[in-house]
Amino acid sequence: MAVAPQVIPYGSARDLPSVQEMEQQLAAFKLFGILLPEEQRKRVRELEREHKRITGLVDAFYALLGTRNWVFTGDLNLPAIEHVVDTDDAEAAEARLISYYKEDGRITFPLRRLHRFSAMRLRIGLLQKALADYEAGRYYSTVLVVLSVMDGFVNDLDTAARQGLHTRPAEDMVAWDSVAGHHLGLSHAHQSFLKGFYKTDDTEVIELFRNGIMHGTLVNFDNEVVATKAWNRLFAVADWADSRERQAKPAELTPTLRESLRQWKDTQDQKTRIDEWQPYEYEPEPAAEELSEVVQTSREFLESWEKRRWGPVGANFMELGSARSSVGKLAVLAKDLYGALELSEWTILRVRHVAAAVAHTDVELLVSGTMYRTDLRWVRVDDSGSTAAEWESGHWVLSQYGPSLFLKPESAVTEL
């Protein structure tokens with residue numbers, strides 16, 4: 001990982017580069033608002049209110065809890081945190097935040113997301129054990145494990161210049177363009193992380209004093225405050241790691257005002273069109289000269305299956321993302337799935353478009369001597385593998401292509 005340039009802590013959430021860019025675009029939209037329909041002007045106003053609500057929430061969090069070394073992280077649930085900071089009492093807010101982390105799933109969800117880091121995957125098992133200890137009230141164990149994981153994770157982020165979390169100065173821990181980069185955020189909390197303790201002390205501590213805890217000079221840290229701060233700090237460090245990766249990427253060209261307006265208008269038009277779209281269905285005409293795309297694709301799939309042409313069968317299989325398996329690989333997969341199933345008769349009975357990019361073809365299939373009445377589920381995608389509405393450029397693919405998913409026992413026709 002490349003060395004990230006020095007970042008100055010942000011005085012407010014509104015100082016983040018992405019937030020400032022958003023405010024500039026909102027100002028431009030308001031300036032040219034007279035050119036927009038009333039419904040779109042209303043959406044701009046709603047977006048501006050939501051923007052102010054979020055930035056205000058971040059600043060309110062730090063005003064109450066920043067000096068207590070809690071960090072606002074990207075995984076926090078905003079409505080729940082609104083309740084946390086809905087008080088003038090920092091101690092009450094801290095108690096609410098700890099209760100928040102103790103709710104089911106509050107740690108499990110961001111813990112699962114840590115798999116995105118290769119440097120963290122080998123440590124997930126330890127963190128899962130630490131979570132079990134936390135839920136059982138074994139806070140001392142949680143603290144020791146999470147501290148060690150943070151150190152090792154940061155050490156492995158940059159293998160060219162290994163440097164653990166405990167060796168990094170506070171100024172290195174400013175998260176670029178992240179709410180954790182607030183001046184009362186991670187870099188501020190990191191000062192307590194580095195504070196040295198050289199004499200044994202059995203006074204209860206409620207800070208994540210890594211030096212004293214790991215070196216055995218602070219012995220009374222077995223409480224929910226320190227353990228919960230360990231989880232909060234872990235997720236803040238993950239946000240910091242994400243920010244380093246984003247910062248290292250080449251800067252993208254900032255769109256012009258005209259481009260921003262056009263992109264925003266295109267997005268709103270697309271949303272309006274999807275909102276106005278209504279489901280519809282029809283029975284295909286076998287003798288029709290022009291067939292709908294989904295009917296034509298269904299026919300080609302069934303004809304290929306009937307003739308045991310495995311390459312064209314596999315070509316219909318849905319694959320996630322833009323990567324595409326080779327024709328040979330898909331042919332082998334299709335043969336493995338369909339080779340033992342002989343399709344001798346088929347009829348497309350009806351087509352049901354249930355969403356702008358999803359359709360079902362109701363079919364009758366005579367497979368290995370058994371008649372089935374079932375449906376094939378098709379999804380329309382573009383070249384990148386993203387869903388594409390029926391009015392956009394794209395093609396239909398079979399999303400549930402395993403035959404066991406549509407040749408179910410309950411689909412078999414018992415009376416012919």
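Which residues are linked with Glu281 in a network of salt bridges? The network joins Glu281, Glu283 and Arg350, where a salt bridge is a side-chain nitrogen of Lys or Arg within 4 Å of a carboxyl oxygen of Asp or Glu. The structure is a predicted model, in which local features need pLDDT of at least 70 and side-chain atom pairs count only at pLDDT 80 or more, while totals for chains, interfaces and linings use all residues. Residues are numbered from 1 along each chain as its sequence is written, and side-chain values use heavy atoms, with hydrogens and water left out.

The protein chain contains 15 helices and five strands; helices (H or I, at least four residues) and strands (E, at least two) are DSSP runs, numbered from the N terminus. Of the 416 residues in the chain, 45% are buried. Buried means under 20% relative accessible area, exposed means over 50%, and partly exposed lies in between, with a 1.4 Å probe and protein chains only. Among contacts in the chain with a separation of 6 or more, 60% are between residues 24 or more positions apart, contact meaning heavy atoms within 4.5 Å.

Two packed helices are described by the angle between their axes and the distance between the axes. Helix H8 (residues 139–157) packs against helix H11 (residues 224–248) at an angle of about 15 degrees, and their axes are 8 Å apart. Axes are lines fitted to C-alpha atoms, for helices over the stretch in contact, and angles run from 0 to 180 degrees between N-to-C directions. H8 and H11 are therefore roughly parallel to each other (angles under 35 degrees count as roughly parallel, over 145 as roughly antiparallel, 65 to 115 as roughly perpendicular and the rest as oblique). The residues that make the contact include Tyr139, Val146, Met150 and Phe153 of H8, and Val226, Trp231, Leu234 and Trp240 of H11. By class, the residues of this contact are 16 nonpolar, one polar and two charged. In this division Ala, Val, Leu, Ile, Met, Phe, Trp, Tyr, Cys and Pro count as nonpolar, Asp, Glu, Lys and Arg as charged, and the others, Gly among them, as polar.

In the whole structure, 16 salt bridges are found. One of these pairs is Arg210 and Asp151, with a distance of 2.7 Å from N to O. Arg210 lies in helix H10 (residues 210–214) and Asp151 in helix H8, so the pair ties together parts that are 59 residues apart in sequence. Both Arg210 and Asp151 are buried. Glu94 forms a salt bridge with Arg68, and their closest N and O atoms are 3.0 Å apart. Glu94 is in helix H4 (residues 90–102) and Arg68 is in the loop between helix H2 (38–65) and helix H3 (78–84), 26 residues apart. Glu94 is buried, at 7% relative accessibility, whereas Arg68 is partly exposed, at 25%. A further salt bridge joins Arg106 to Glu103, with the closest N and O atoms 3.0 Å apart. Arg106 is partly exposed, at 23%, and Glu103 is partly exposed as well, at 39%.

The loop between H2 and H3 also holds Asn69. Asn69 is not a glycine, yet its phi is positive, at about 70 degrees. Asn69 counts as buried because its relative accessibility is 8%. Arg308, also a residue other than glycine, has a positive phi near 60 degrees. Arg308 is placed in the loop between helix H13 (293–306) and helix H14 (310–315), and with a relative accessible area of 37% Arg308 is partly exposed.
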